[in-house]
Structures are given as C-alpha cells and as structure tokens.
Amino acid sequence: MVGMTRALIALTSHRELGDTGRETGFYVGEAAEPWEVFRAAGWDVDLVSVAGGQPPLDGRDDNDPTQNDFLAHAGVADTLRAADVDPTGYDVIVFAGGHGTMWDFPDNPDLARIAAPIYERGGVVAAVCHGPSALVDLKLSDGSYLVAGKRVAGFTNEEEATVGLTEVVPFLLADRLTAAGARHIPGPSWTEQVIVDGRLVTGQNPQSARALAEAVVKLAPTCLL
C-alpha cells in the first residue's frame with residue numbers, strides 16, 4: 001500500500017429490535033476495538049453508517065476504557081452517510097455487528113457500492129458478529145457472491161438461540177451465508193473465532209472483534225492497491 005492505510009468501520013442505523021419493543025443498534029465494542037487497533041497501527045479511520053449522523057448504540061459498557069475513548073474521539077455523533085462515501089479513498093472496510101445490522105445491512109446498495117470496489121481493488125473486507133449480514137447479498141462485478149466458496153465466521157444459530165432472538169431476527173445469519181455459497185465455520189459459543197480467507201476476514205461474536213482487527217492489520221500490508 002502506498003501512504004497511510006485508510007479504513008472504514010460501517011455501523012447500522014437501525015434502532016428497533018423487531019416487534020419486541022426493545023431498542024438495538026451497533027454493538028459498541030465491535031466498532032471500538034477495531035478502531036483502537038487500527039489507530040494503534042497508524043491508520044486513518046472513518047466511521048460510516050447507513051443513514052449518517054448518530055447511529056443507535058447497543059452493548060455499551062460504561063466501564064470499558066476502549067469504548068469510552070472511541071465514543072469520545074471517533075466521531076460517532078457525526079458518521080458519514082453510506083450514500084456519500086467514495087470507496088476509492090479506502091483500503092479496508094469493517095462491518096461492525098449489533099442486531100440492527102440484520103435489518104439495514106443486507107442488500108443495501110450503498111454499502112455494496114463501497115465494499116465491492118474495495119475488495120476488487122485488492123483491499124480487505126471484514127465483518128464481525130452480525131456484521132456479516134452485509135455480505136449475504138453482496139455481489140462482485142461479475143455477478144458472483146463475494147462469500148461464495150469462502151470460509152466465514154459469523155454469529156451462530158446456537159448463539160442466536162441463546163439470546164432468545166431466533167424468532168425475532170429476519171433470518172438466521174449462518175443460514176444465509178451458507179445459502180450465498182459460503183462455508184460457515186462455527187466455534188464454541190461466546191469464544192473468539194476469526195476466519196481469514198484471502199482478503200475476507202470474519203469474526204463470530206463480540207469476543208472476536210479485537211482479534212479480527214489484528215488479523216486485518218497483518219493482512220493489509222500484503223495487499224496491492
């Protein structure tokens with residue numbers, strides 16, 4: 001890569017957790033930990049959300065210094081709007097999770113318009129927990145699914161059942177990834193599981209966010225943009 005690596009962390013703008021009356025959003029740690037790892041690597045990091053502005057938060061830990069630093073300094077209140085982002089400015093995109101992603105990440109033309117060109121230029125596409133919902137319909141310029149034939153991680157059916165949301169989410173993530181031609185590789189529930197397949201890096205759950213970012217940092221310098 002020439003010059004500073006530029007990474008984009010993508011966040012959901014969806015707030016309603018189905019018809020439960022509960023709120024959701026992006027899972028803060030799954031954005032905060034990659035942001036911290038990338039910044040430590042000397043990268044330039046921007047945040048994008050589907051609608052732009054302040055996205056809804058979920059899983060906030062007031063006692064977590066990484067999350068506190070992220071929320072204070074990363075520009076969460078003023079994220080870029082996906083429709084306005086020029087993908088040529090970025091080498092890496094990471095789709096952070098949170099249940100909200102299950103509603104506004106799949107088949108989103110603005111997110112696809114960012115991620116597919118990054119990947120096809122030799123960049124890295126990464127996603128953690130429910131973030132791989134952005135990949136279930138994501139196609140490359142030849143019409144193939146980006147995940148087709150690739151090994152991936154993502155929130156498992158067992159984990160979804162454990163949190164009691166199997167009947168709330170619009171689909172089961174592992175099943176949709178498989179339907180797109182991916183080989184979903186589950187690890188034990190709530191343990192770190194990161195899968196690297198070429199320039200696609202995926203993580204299973206919140207416990208995987210930091211390791212996913214570290215894998216992206218190791219991988220990115222080998223990519224020729």
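Two strands are said to pair if DSSP finds at least two bridges between them. Strands (E, at least two residues) and helices (H or I, at least four residues) are themselves DSSP runs, numbered from the N terminus. In E3, the bridge partner of Leu-11 is Ser-49.

A word on the source. This is a predicted model, in which local features need pLDDT of at least 70 and side-chain atom pairs count only at pLDDT 80 or more, while totals for chains, interfaces and linings use all residues. Residues are numbered from 1 along each chain as its sequence is written, and side-chain values use heavy atoms, with hydrogens and water left out.

I turn to strand E1, residues 6–11. Of its 6 residues, 5 are buried, buried being under 20% relative accessible area with a 1.4 Å probe and protein chains only. E1 runs parallel to strand E3 (residues 44–49), with 6 bridges between them. It also pairs in the parallel sense with strand E6 (residues 92–95), over 4 bridges; there, Val-94 in E6 is the bridge partner of Ile-9.

Which order do the strands take in the sheet? The open sheet has 7 strands, ordered E5-E3-E1-E6-E7-E11-E10, with mixed pairing. Strand E5 (80–81) and strand E10 (194–197) are at the edges with a single partner strand each, so one side of each has no neighbour in the sheet. Helix H1 packs on this sheet and touches E1, E3, E6 and strand E7 (124–128), where contact means heavy atoms within 4.5 Å. The direction of H1 makes about 175 degrees with that of E1; axes are lines fitted to C-alpha atoms, for helices over the stretch in contact, and angles run from 0 to 180 degrees between N-to-C directions.

Next, the helix pair. The axes of H1 (residues 28–40) and H2 (residues 65–73) come within 9 Å and cross at roughly 80 degrees. H1 is therefore roughly perpendicular to H2, a term covering 65 to 115 degrees. Among the residues that meet are Trp-35 and Glu-36 in H1, and Phe-70 and His-73 in H2.

Finally, the record. UniProt, in an unreviewed entry, places the feature "domain: DJ-1/PfpI" at residues 30–218. That span is 31% helix and 16% strand, and its end C-alpha atoms lie 18 Å apart.

Methods. Buried means under 20% relative accessible area, exposed over 50%, partly exposed in between (1.4 Å probe, protein chains only). Angles under 35 degrees count as roughly parallel, over 145 as roughly antiparallel, 65 to 115 as roughly perpendicular and the rest as oblique. UniProt positions are given in the numbering used here, feature names are shortened, and annotations may be inferred rather than shown by experiment.
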